[in-house]
Amino acid sequence: MKHIRHFLTVALCLTSLAASAQWQWTDKDGRKVYSDRAPSAEIPEKNILKRPGGRSAAAVAADAPANAAATAAAVTTPASAPQGTASAPRLSGVDKELAEKKKKAEEAEVAKRKAEEEKVLKAKVENCARAKQAKTSFDSGVRIARTNDKGEREVMDDAARAAEVKRIQSVIDADCK
């Protein structure tokens, strides 16, 4: 029975925490609106009754008297007015910083991709040179010996030579374009 009471107490506490993460404001018709998202920019600051974290508009104004001028300017400024003045809130500043970070991330991604392409191209050029050198060795008719799994030298027979020449030619076709 104690466990059920503890569980219910914890559930009620969590429910109240979830409810405190809600916005509450009065719309243009005077109705109270509850949402987990911030109200649109056309809702004046004075109509916002509650913010996430249980802070009301009055508590926000009391905590930040230095921002009172900025809040008043935001309330009286129409939504279509530019946000560039010093007393207006820096909503566009966050967007600019986000755009700059996004642009830098894209530039870094492009540079990384370019470096990877250069690395692959360099490897292809090197593979091409090695394959051409191996092809000239096989075409010369010189006996070629390889080391087997046991560490012994084996001279390649005609079938193994032909298979190796075919493999080398496929490497040349793929990397020497």
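What pattern does the protein follow when read along the sequence? Then please look closely at strand β1.

Analyst: Start with the overall order. This is a predicted model. Read along the sequence, the pattern is α-β-β-β-β-α-α-α-β-β-α. That gives five helices and six strands. The protein has 177 residues, and 14% of them count as buried. Keep that figure in mind for the strand.

Now to β1. This strand covers residues 23-26. Which of its faces are covered? Both are. Trp23 and Trp25 lie on one side, and Gln24 and Thr26 lie on the other. All four of these residues are buried. Buried here means under 20% relative accessible area. Why do the residues take turns like this? In a regular strand the side chains alternate between the two faces of the sheet.

Next, the partners of β1. One is strand β2, residues 32-35. The two strands run antiparallel, and four bridges join them. Trp23 has Ser35 of β2 as its bridge partner. Between β1 and β2, the hairpin has five residues. Gly30 belongs to this hairpin and takes a positive phi near 90°.

Another partner is strand β3, residues 48-51. It too runs antiparallel to β1, with two bridges joining the pair. Here Trp25 stands opposite Ile48.

For context, look beyond the strand. The largest nonpolar core has six residues: Ala131, Phe138, Ile144, Met156, Ile168 and Ile172. Helices α4 (91-139) and α5 (158-175) each give two or more residues to this core. In soluble globular proteins, nonpolar side chains tend to be buried together. Leaving aside neighbours within four places in sequence, Ile172 is in contact with Ala131, Lys132 and Lys135.

Some nonpolar residues sit on the surface instead. Met1, Ile4, Phe7 and Leu8 form a nonpolar patch there. Together they have about 500 Å² of accessible area. Ile4 has its place in helix α1, residues 2-20. For the whole protein, the accessible surface comes to about 14300 Å², and 57% of that belongs to carbon and sulfur atoms.

One last number concerns contacts. Take those between residues at least 6 apart in sequence: 38% join residues at least 24 apart.

Back to β1 to finish. Strand β2 joins it through four bridges, and strand β3 through two.

Technical notes: Residues are numbered from 1 along each chain as its sequence is written. This is a predicted model: local features need pLDDT of at least 70, side-chain atom pairs count only at pLDDT 80 or more; totals for chains, interfaces and linings use all residues. Side-chain values use heavy atoms; hydrogens and water are left out. Buried means under 20% relative accessible area, exposed over 50%, partly exposed in between (1.4 Å probe, protein chains only). Contact means heavy atoms within 4.5 Å. Accessible areas come from the Shrake-Rupley method with a 1.4 Å probe; for residues, only the protein chains shown count as cover. A nonpolar core is a set of buried Ala, Val, Leu, Ile, Met, Phe, Trp, Tyr and Cys residues joined through side-chain atoms within 4.5 Å. Two strands pair if DSSP finds at least two bridges between them. Patches are made of residues with over 30% relative accessible area and no salt bridge: like charges are joined within 9 Å, nonpolar side chains (Val, Leu, Ile, Met, Phe, Trp, Tyr) within 5 Å. A salt bridge is a side-chain nitrogen of Lys or Arg within 4 Å of a carboxyl oxygen of Asp or Glu.
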